Amino acid sequence: MIRVAIVEDEMIVAEHLENILINNQYLPIALAQNIAEAKEAISEKPDLFLLDIRLADEDNGIDFGAFLKEKNIPFIYITANNELEVMRKAIQTQPATYITKPFKESDVLAALELVKIKLSSERFVSIIGSRGEEKLAENDILYVQADGVYSIIYCEDDKITQRINLKELELKLSDQFIRIHRSYLVNKEKVTSKKASSVFINQIELPVSRSYKKEF
């Protein structure tokens, strides 16, 4: 069940959204009335946010939208019909979509369905980053290398070291990743060419051990 955090300072609206979620097999996990409460809701690990773009005593939710974008948490803006200029700025934070007030239940469900499709097509793995627990899109990972009790996750322009052994990390990842060696997992979507005993991801050559050739 998809977990949803609601950020809305009009309680009648927030409760209406909550009822829509409950009646349609979504799980509302937090009702936040301001940005501080919204940030606290992240600890509940929501799959997405319904975010009112303008809250009492605060200019708008655009900064929080940008914050969610950095954390790879999808969000849907809720906005009034007269806020088109604000929405032009908000689009830069790349929301999944937006709902305009006053809204119908069908408007909310259509927006949620867009995010649901995106969530089903994108997989994430939780990592410990510089800002605490973060979500890393599997599609951003090229391969993973074992380093004792650590695993080194190689992305296009970065590498991330995690205190987790390769076997444990393999269990967290989808079948998009396959073991080619006791020390390597590769994202099979990123493999550009193969040889008898190795594979290439762009210019990077990785060994394929005999015991894992059949799997690959």
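Two strands pair if DSSP finds at least two bridges between them. Strands (E, at least two residues) and helices (H or I, at least four) are DSSP runs, numbered from the N terminus. The model is predicted: local features need pLDDT of at least 70, side-chain atom pairs count only at pLDDT 80 or more, and totals for chains, interfaces and linings use all residues. Residues are numbered from 1 along each chain as its sequence is written, and side-chain values use heavy atoms, with hydrogens and water left out.

**Exercise 1. Find the partner of β11 and describe the pairing.**

Step 1. Locate β11 at residues 177-181.
Step 2. Go to β12, residues 184-187; four bridges join the two strands, which run antiparallel.
Step 3. Look at the link. Two residues lie between β11 and β12, and the strands form a hairpin.
Step 4. Check burial (under 20% relative accessible area, 1.4 Å probe, protein chains only). Four of the five residues of β11 are buried.

**Exercise 2. Give the strand order of the five-stranded open sheet.**

Step 1. Read across: β2-β1-β3-β4-β5, with parallel pairing.
Step 2. β2 (27-32) and β5 (97-101) each pair on one side only.
Step 3. Follow β1 (residues 3-7): five bridges tie β1 to β2. Arg3 has Leu27 in β2 as its bridge partner.

**Exercise 3. Which strands does helix α3 touch?**

Step 1. Find α3 at residues 62-70.
Step 2. Apply the contact rule: heavy atoms within 4.5 Å. Helix α3 touches β3 and β4.

Notes: Buried means under 20% relative accessible area, exposed over 50%, partly exposed in between (1.4 Å probe, protein chains only). Axes are lines fitted to C-alpha atoms, for helices over the stretch in contact, and angles run from 0 to 180 degrees between N-to-C directions.
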